[in-house]
Amino acid sequence: MRLRSFGEQNIPVPVIGQGTWQMPESGKGRREAVDAIKAGIDLGMTHIDTAEMYGRAEEIVGEAIKGVDRSRLFIVSKVLPSNAGYTKTISCCERSLSRLGLDYLDCYLLHWRGGLPLSETLAAMEKLQADGKIRSFGVSNFDVEDLEEAMSCLSSGKLACNQVLYNLENRGIERRLIPMCQKNSIALVGYTPYGTVPGASSQAYKRLAAIARRHDATMRQVILAFLTRLDGTFTIPKAARLAHVVENANAGKLDLSEDDIQEIDELYPVPRRDVPLGMI
Ligand code: NAP
């Protein structure tokens with residue numbers, strides 16, 4: 001698994017992590033999901049993304065990481081915008097920690113901008129960091145202008161991360177947002193990497209499958225390798241099934257050639273003009 005420096009603190013983090021939205025929450029599905037996350041950790045996907053919004057996901061992650069050496073893990077959670085502001089951000093972080101069974105988070109994000117004053121939420125993040133409850137903090141679903149505003153609100157801290165939609169059909173962020181994050185050492189974590197997987201009869205499928213064959217890999221592994229090819233980028237596919245986790249983790253070994261990248265560029269071009277940031 002390739003590691004990459006996450007934010008200005010230079011924390012080494014695997015480029016492919018594990019998402020946890022819509023994990024099965026009970027019965028056999030839940031047990032399989034816990035085992036899948038554990039297997040992902042063993043395979044190097046120690047970056048785990050969760051959120052207070054994701055139902056019981058924080059508890060599921062808590063169960064999966066029980067007994068794992070804490071220093072190996074990079075655990076990220078998020079506060080809902082409706083729970084943001086100074087006081088609530090701090091209490092929500094404490095509740096997330098308790099559901100996860102942790103003393104600290106590696107990164108804490110504002111899930112999307114929302115209507116509460118950004119300066120208060122970010123002041124709470126700085127306080128949580130100063131108190132050792134989070135190692136770093138950031139935002140999610142912030143386009144260039146919102147990110148600039150967030151950076152201007154900070155007094156002592158530094159944004160470590162912006163988590164945004166990034167998949168083959170949503171490459172608008174390569175125009176301005178990714179360069180801005182790279183310039184400011186802000187990790188760009190792409191979510192919903194499998195938002196676009198072409199249908200088996202399509203031309204795109206045939207060409208992606210041919211690239212995959214050249215590397216003895218799968219098409220999904222090609223997609224994950226493509227989405228993490230740029231400096232400062234990470235991806236967090238969610239998989240509740242063991243076979244999916246294994247396939248995703250093995251994408252961390254795949255290096256695409258310039259020709260492969262050019263071919264994918266032709267299939268899924270970056271838009272020619274700026275487009276609004278997509279969001280799910
Ligand atoms: P995704 O990871 O692109 O896709 C998840 C789906 O793909 C699941 O149905 C999963 O199946 C399947 N899958 C995973 N690996 C596979 C494989 N190797 N082969 C075949 N199918 C596979 O979508 P996502 O969950 O929307 O995004 C990923 C994570 O990003 C989320 O879980 C969440 O942590 C984060 N996220 C953040 C935001 C935000 O606003 N910040 C928004 C959306 C998502 P199984 O589960 O059955 O294995």
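Colleague: Which residues lie nearest the centre of the largest pocket, and how many line it?
Modeller: The largest pocket is lined by 20 residues, and those nearest its centre are Trp21, Tyr54, Tyr191, Thr192 and Lys238. Here a pocket is an open set of points on a 1 Å grid over the protein atoms alone, with protein on both sides within 12 Å along at least five of seven lines, and a lining residue has an atom within 4 Å of a point. Please keep in mind that this is a predicted model, in which local features need pLDDT of at least 70 and side-chain atom pairs count only at pLDDT 80 or more, while totals for chains, interfaces and linings use all residues. Residues are numbered from 1 along each chain as its sequence is written, and side-chain values use heavy atoms, with hydrogens and water left out.

Colleague: How much space lies in that largest pocket?
Modeller: The largest pocket holds about 400 Å³ of space, where a volume is the space filled by probe spheres set on grid points that are joined across faces, edges and corners.

Colleague: And the second largest pocket, how much space is there, and which residues are closest to its centre?
Modeller: The second largest pocket has about 190 Å³ of space. Its lining is made up of 17 residues, with Gly172, Ile173, Val275, Pro276 and Leu277 closest to the centre.

Colleague: How many cavities of 30 Å³ or more does a search of the whole structure find?
Modeller: The search finds one such cavity, a cavity being a set of grid points where a 1.4 Å probe fits but cannot get out. The largest cavity has a volume of about 30 Å³, and its lining consists of Gly17, Gln18, Gly19, Met45, Pro237, Lys238, Ala239, Val245 and Asn248. Lys238 therefore turns up in this lining as well as nearest the centre of the largest pocket, if we go by the definition of lining residues.

Colleague: Changing topic, how many salt bridges are there in the whole structure?
Modeller: There are 21 salt bridges, each one a side-chain nitrogen of Lys or Arg within 4 Å of a carboxyl oxygen of Asp or Glu.

Colleague: Which residue does Asp146 pair with?
Modeller: Asp146 forms a salt bridge with Arg113, and their closest N and O atoms are 3.1 Å apart. The two come from distant parts of the chain, since Asp146 sits in helix H5 (residues 144-153) and Arg113 in the loop between strand S5 (107-110) and helix H4 (118-130), 33 residues apart. Helices (H or I, at least four residues) and strands (E, at least two) are DSSP runs numbered from the N terminus.

Colleague: What does Arg175 meet in a salt bridge?
Modeller: Arg175 meets Asp274, at 2.6 Å from N to O. Arg175 is in the loop between strand S7 (159-165) and helix H6 (177-183), whereas Asp274 is in the segment after H10, so the pair ties together parts 99 residues apart in sequence. Both are partly exposed, Arg175 at 33% and Asp274 at 43%.

Colleague: And where does Glu263 lie?
Modeller: Glu263 forms a salt bridge with Arg214, with the closest N and O atoms 3.3 Å apart. Glu263 lies in helix H10 and Arg214 in helix H7 (residues 203-214), so this bridge ties together parts that are 49 residues apart in sequence. Glu263 is buried, with a relative accessible area of 17%. Through shared partners, salt bridges join Arg207, Arg214, Asp260, Glu263 and Glu266 into one network.

Colleague: What about Thr89, buried or exposed?
Modeller: Thr89, which is in helix H3 (residues 86-100), is buried at 0% relative accessible area.

Colleague: Last one, where is the place of Ala51?
Modeller: Ala51 is in the loop between strand S3 (47-49) and helix H2 (57-65), and at 0% relative accessibility Ala51 is buried. Ala51 and Val79 are 28 residues apart along the chain, with 6.8 Å between their C-alpha atoms. Ile280, by contrast, is found in the segment after helix H10 (258-267) and is exposed, at 54% relative accessible area.

Methods. Buried < 20%, exposed > 50% of the residue type's maximum accessible area, 1.4 Å probe, protein only.
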